[in-house]
Amino acid sequence: MPVTMRAKPFLFPTFCKACGRCIEACPKDCIEMSTEIDPVTGLTPVVIDLEVCNACGLCFTACPEPHGLLPRPEGLGAGEVDPSVFFGPRPSTAPVPETIPDTRVPLPSFEPMVLKGTHASAVGALLAGCRHFFGYPITPSTEGAELMARLLPELDGFFVQAVSEVAAVNMIYGCGGAGLPSMTFTSSPGFSLMLEGISYMIGAEIPGVFVNVMRGGPGLGNIGPEQADIKLVCRGLGHGNTHAVVLAPSTPQEMLDLTMLAFELAFRYRNPVVLVGDGYLGQIMGRVELPCEMVRPGIPEWAVHGDETHRGNLLSSIQIAEADLEAHNVHLNDKYRRMIEREQRAELYRCDDADWLVVACNTPARMAKGAVESLRAQGASVGLFRPVTLWPFPSGDLLPLLDRARGLLVVEAGSGQLEDELRLALSHAGAPGTRIENLRRFGGMLPQGQDIVDKVIALAHGDPSCTAPSTTTSHATAMAPA
Amino acid sequence: MHSAFYDHFARHGHGAGLKGHATHYCPGCGHGLAHKYLAEAITELDVQDRTVAISPVGCAVFLYYYFDVGNTQAAHGRAPAVALGHKLANPSSIVVSYQGDGDLASIGLAEILQVVQMGLPMTFVFINNAIYGMTGGQMAPTTLMGQTTTTSPHGRDRFTGQTLRVAEMIAGLDGPIYVERVALFDRKQRTRAKRAIAKALRLQVENRGLGFVEVLAECPTQLHMTPIEAERWVQEKMVPVFPLGVKKDLTAEPWFTPEAPSFDARRLTRTIHASTEPAPRFGDGFPAHVDEHDVAIKFAGAGGDGAQTIARLTAKSGINEGFDATYIPSYGPESRGGTSYADVHVARREVLSPAAPEPHVLVAFNPPSLEKFGPCVRPGGLVLYDQTVTPEAPRLDPSVQMVGVPFTGIAADLGKVKVKNTVALGAFQAATRLFPADSFLEALRRSMPDDCEMAVLNEEAFRRGAMAFDEPFDEPAN
């Protein structure tokens, strides 16, 4: 380019931080520090002797400020300059982002499949439009990841085994940030490692689905089924003011259905959704019906997708001004309130006339349902209250039952974390004192149906106003092959 | 050409006053220069609309104040993982991970190594100023030996760790195709830096590979120097430790052009093996002769006995027959070669407790399994065991029917000990009449549709097992 075409520099003195790097860069020594203090910045900006300047341009390359030394527009006078000559009326030329909506593709009617829990969840994710999986192997969730590793390439999707759970959650952050559904399978120790990223996702309002097949703890614990992450998923999703809808399936069918729901909720609320199973549920194989439609995901308007429409977007969890961060938390609280109002889910089984309610989720809820059947057969008025969302706790469904119920028996494979959620929910609801008893097993041991039956009978016996059977029936069965 | 910088920094202090057009960086900070070269490269390559800039924790966390591109702010050290998520979500996006030395070389070492080694076309700008800027002058992994910082107040020594050379480490990986270390302390270095950043970006735009540029930058504030003194410090102190220049520069053809993910319903359902073909039913009702509502079976043996396979087939048969069924394996690190058992339930309506602590039927492949689970079988139940390996069956509740069938012996006769589980399944069918034999055989055929030889052998094994129960070689031990 001929020298005559080059522009000489121009500077708004208020945008000069007086670092002096241009002075060093100028081969003609035509830049020097001013001796006058700029009234706006309190600094002494550089001054340029345009007579000596030969428009070499090296000062532009040396100036660290985007709006510092600028090429001087042709014909610009020496006096005051209107900034609009340099800066347009809008901060950006980016278009207003638009939503590309999801489409729902109808499916033919399929025969029921026989799938293990983690596989059912993986199939649910594929049907929900997830083509990106990021994870780290950990028993007893790994089969889900392995199935994704096998199937995703067949659908031109991506499977990445991350260097750690810490990395995996951040890959979900990036993919979800680009507006696409992505997920992981993990288990308790791995989920602990993901909490940092989940807090960032909640802060930056990025959707993603986490399937945590809970195992025994604390520490390395074991790989048996436990429900000891309820505290984490309901109260401890990383630092700060965080919540996410927590879904608790109890069958392989629900592993599929609730995984699909998890993606829908994640994008509806721009928030992670956690699905908690237990080791048993991850491994158990059962009958699974496929839904009548699948999802082809669009791109939400807020996404940072790396295309023209979405160029103006920002995903960030940093709000450096106190007032901004307070406003952001108020916004999040509003979102949490909507989740509490709209997303409570529970299954009520023979609860209407129940004197005692068994409260259980995941696999223990199946045991509990069997116990309820057996107790009913013995004439006891017992029902099962099964929270399907652990957060928000479905207190709306529970409260009406408390008028009649004499007590609640919380059955869990853990140390009372479900009971804590129940108590907190009742406390928030201002429910009058209700008798709450528990049956707990740990370390991979699950409460069995007969344990629940025995416990309910013992409780009912201690409560003279309750209808209770006097004896248990025998399990003896005559085996008579045809 | 429009600049890749915003005209007005509306996100910087809400764009008020000076903040609307000036950065938050201290006077003389190297970040501003690296920003400028990156912005120029984005403009020159005409990729502003496609660019996603990742700004993790560090002074450049506010990069999104300035760059008029898609912006994602990330957690400390995690930018490479976030960048990878973006790139895989939209392979045509141009993803730039802009990281400082604490972020990339300390807390985010695992993430940078994995993502760089993967080598997708992406661009990494690494700002090395040998100190933590944002948190106020603490030691960085790149802090020089002897350098004083607030966390190495007596000068860095072995005990505070030795200086990490990142560009050389990255160049040692197979993933990247271009790695260069540049500086900003004079006009020659700045020209090189500008060119290097543009090249690293171009390699991504052309889908050739991953470019990594380490920029030796000035942090006058934390070095307690004037900007010009800081330039000299970088030149005189840093450059001898961090030699400038190209560390790796490979020629590569464009390669990363993946197909868009498929959302074709037919392709998806084929992939997951969903079938519209109804499985035939052979039975005419629930096996109420075993239990009115819910049959519990335990299959137990050593790992490799095939207990899991026949447990799964039994559950499948139950579902094919129109009932609810579950199969739960004992699982764990011992699953190869150790003990292995599986619980199966078949229920008329719904399986409630999927475990089978007190099964109606136990199928035991070895004496330890028989010892362990035999006593759990319900009164009136059935125990089926491998007579070949169990010469003497334990005494159990007299109401429990004990049936010994030489699973292993029959399988060995057939020339493949591996099919002893199918022998057991045949005997199980004959002994329990849970479902008709065809129901199990159909499940067996569907489980290995492509292996004709094994299918024939398995069917034979199944029949021999059933025959062995119907016409026992010996009187069952009882």
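Predicted model: local features only at pLDDT ≥ 70, side-chain atom pairs only at ≥ 80, totals over all residues.
Residues are numbered from 1 along each chain as its sequence is written, and chains are lettered from A in the order in which they are written. Local features need pLDDT of at least 70, side-chain atom pairs count only at pLDDT 80 or more, and totals for chains, interfaces and linings use all residues, while side-chain values use heavy atoms, with hydrogens and water left out.

**View 1. The interface of chain B and chain A.** Contact joins 122 residues of chain B and 116 residues of chain A (heavy atoms within 4.5 Å). The two chains bury about 9,600 Å² between them. Buried area is the accessible area (1.4 Å probe) that two parts lose on being put together, summed over both. Carbon and sulfur atoms carry 62% of this area.

View 2. The rule finds 9 salt bridges between chain B and chain A. Each is a side-chain nitrogen of Lys or Arg within 4 Å of a carboxyl oxygen of Asp or Glu. B:Glu350 and A:Lys369 form a salt bridge, with their closest N and O atoms 3.0 Å apart.

**View 3. An antiparallel strand pair between the chains.** Strand β13 (residues 285–288) of chain A runs antiparallel to strand β9 (residues 324–329) of chain B. Strands are DSSP runs (E, at least two residues), numbered from the N terminus. Here 2 bridges join them; pairing requires at least two DSSP bridges. A:Met285 stands opposite B:Tyr327.

View 4. Within chain B, β1 (residues 51–55) and β3 (residues 94–100) run parallel, joined by 4 bridges. B:Ala53 stands opposite B:Val96 in β3(B).

**View 5. Domains of the two chains.** Bounds come from an automatic or database domain assignment. Chain B has domain 1 (13–249) and domain 2 (294–470). Their C-alpha centres lie 62 Å apart. Chain A is divided into domain 1 (1–76), domain 2 (103–342) and domain 3 (346–461). The C-alpha centres of domain 1 and domain 2 of chain A lie 52 Å apart.
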